[in-house]
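Student: Hi! I'm new to this one. Could you walk me through it?
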Amino acid sequence: MSLPKGLAEDVSKNLVMVARLIDEDPEGAYAYSKIALRLASRVAAVREAAGFAAYANQKYSEALAEFRAARRMTGSVDLWPVMADCERGLGRPEKALEMAGAAEVHKLDKAGQVEMRLVAAGARRDMDQLDAAIVTLQSPELASNTVQPWTARLRYAYADALLAAGREGEAREWFAKAVESDKDGSTDASDRLAEMDGVEFVDAFVEDDDEVDSDADPAIDDEAEPQNDVSVVDELDDEDEDDDIEDEDDDKVEAAVETKEDVAKDDVLLKEEDDEDDENDDKN
């Protein structure tokens with residue numbers, strides 16, 4: 001609302017494209033965020049979108065700078081957990097843990113506090129403190145039977161930490177619980193559970209190589225032989241037909257020759273008869 005109308009529309013279109021592409025095409029989303037940033041770098045929403053686009057492309061230093069700028073502009077603590085996760089991405093898990101214990105965490109809503117707990121547990125794992133990571137995730141939100149937007153991710157993180165600690169039985173139980181609560185497929189809990197159970201998925205639409213080869217081999221193609229037999233018979237029939245035509249032509253030629261010879265004989269006989277008649281006339 002602080003921008004002129006035409007500029008506001010251009011910036012808004014780029015922010016919409018960031019939101020549309022950030023999951024499927026992070027690089028494309030990042031490109032649109034840079035355009036919006038160039039057009040309106042003093043708008044908090046633009047700095048926040050640029051931060052998330054950089055975060056999706058693992059550009060953690062750039063993302064952290066954008067999140068800090070957005071926080072200064074708005075005074076909100078909503079970005080605190082993702083800022084802490086950027087510290088993890090930069091190889092500073094101790095800084096992430098320090099942020100997890102800051103006063104800003106108490107100002108977060110329930111979803112933000114759960115997110116901060118996930119980041120803190122991840123930082124513990126970065127420092128090879130598996131038992132501490134498991135304890136960090138043990139919370140009323142984890143034990144609750146009520147499914148919330150964060151439930152699947154919390155259960156998944158807990159199961160993964162248990163598995164990393166070698167507690168496979170418990171890990172399987174929590175992966176199963178994560179599957180139950182993951183209605184929108186935000187995790188791959190079902191795949192992890194199947195892997196633990198030794199289930200292997202096979203694409204039913206992929207043909208076996210041996211079957212494909214046998215189908216392609218004309219030596220074992222059952223339909224090929226009848227087709228060849230038919231073609232041979234057709235060729236033989238054609239040859240017989242040609243022979244019959246030739247025989248008919250020969251018969252016609254022979255008949256024509258015989259007829260010509262008969263006509264010639266008749267002409268000779270007629271001439272002899274005429275000569276005899278002329279001699280008789282002379283005598284008389």
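Student: At what angle do α2 and α3 pack?
Tutor: This is a predicted model, and in it helix α2 (residues 26–39) packs against helix α3 (residues 44–56) at an angle of about 155°. Their axes are 9 Å apart.
Student: Okay, and are they roughly parallel or antiparallel to each other?
Tutor: Angles over 145 degrees count as roughly antiparallel, and α2 and α3 are therefore roughly antiparallel to each other. The crossing of α2 past α3 is left-handed.
Student: Which residues in α2 meet α3?
Tutor: From α2 you have Pro26, Ala29, Tyr30, Ser33, Ala36 and Leu37. On the α3 side they meet Val46, Arg47, Ala49, Ala50, Ala53, Ala54 and Ala56.
Student: How many of the residues in that contact are nonpolar?
Tutor: There are 11 nonpolar residues in the contact of α2 with α3, along with 1 polar and 1 charged.
Student: New topic! How many residues has the largest nonpolar core?
Tutor: The largest nonpolar core has 28 residues. Those with the most contacts inside it are Phe67, Leu79, Trp80, Met83, Ala84, Leu108 and Met116.
Student: Which elements give two or more residues to this core?
Tutor: They are α2, α3, α4 (60–74), α5 (80–89), α6 (93–100) and α7 (110–126). The largest share, 5 residues, comes from α5.
Student: What does tryptophan 80 touch?
Tutor: Leaving out residues up to four places away in sequence, tryptophan 80 touches Arg71, Met99, Ala102, Glu104, Val105, Leu108 and Met116.

Key. Residues numbered from 1 in each chain as written. Predicted model: local features only at pLDDT ≥ 70, side-chain atom pairs only at ≥ 80, totals over all residues. Heavy atoms only, no water. Axes fitted to C-alpha atoms, helices over the stretch in contact; angles between N-to-C directions. Helix = DSSP H or I, 4+ residues; strand = E, 2+ residues; numbered from the N terminus. Parallel < 35°, antiparallel > 145°, perpendicular 65-115°, else oblique. Left-handed = near helix turned anticlockwise from the far one by under 90°. Contact = heavy atoms within 4.5 Å. Nonpolar A, V, L, I, M, F, W, Y, C, P; charged D, E, K, R; others polar. Core = buried A, V, L, I, M, F, W, Y, C linked by side-chain atoms within 4.5 Å. Buried < 20%, exposed > 50% of the residue type's maximum accessible area, 1.4 Å probe, protein only.
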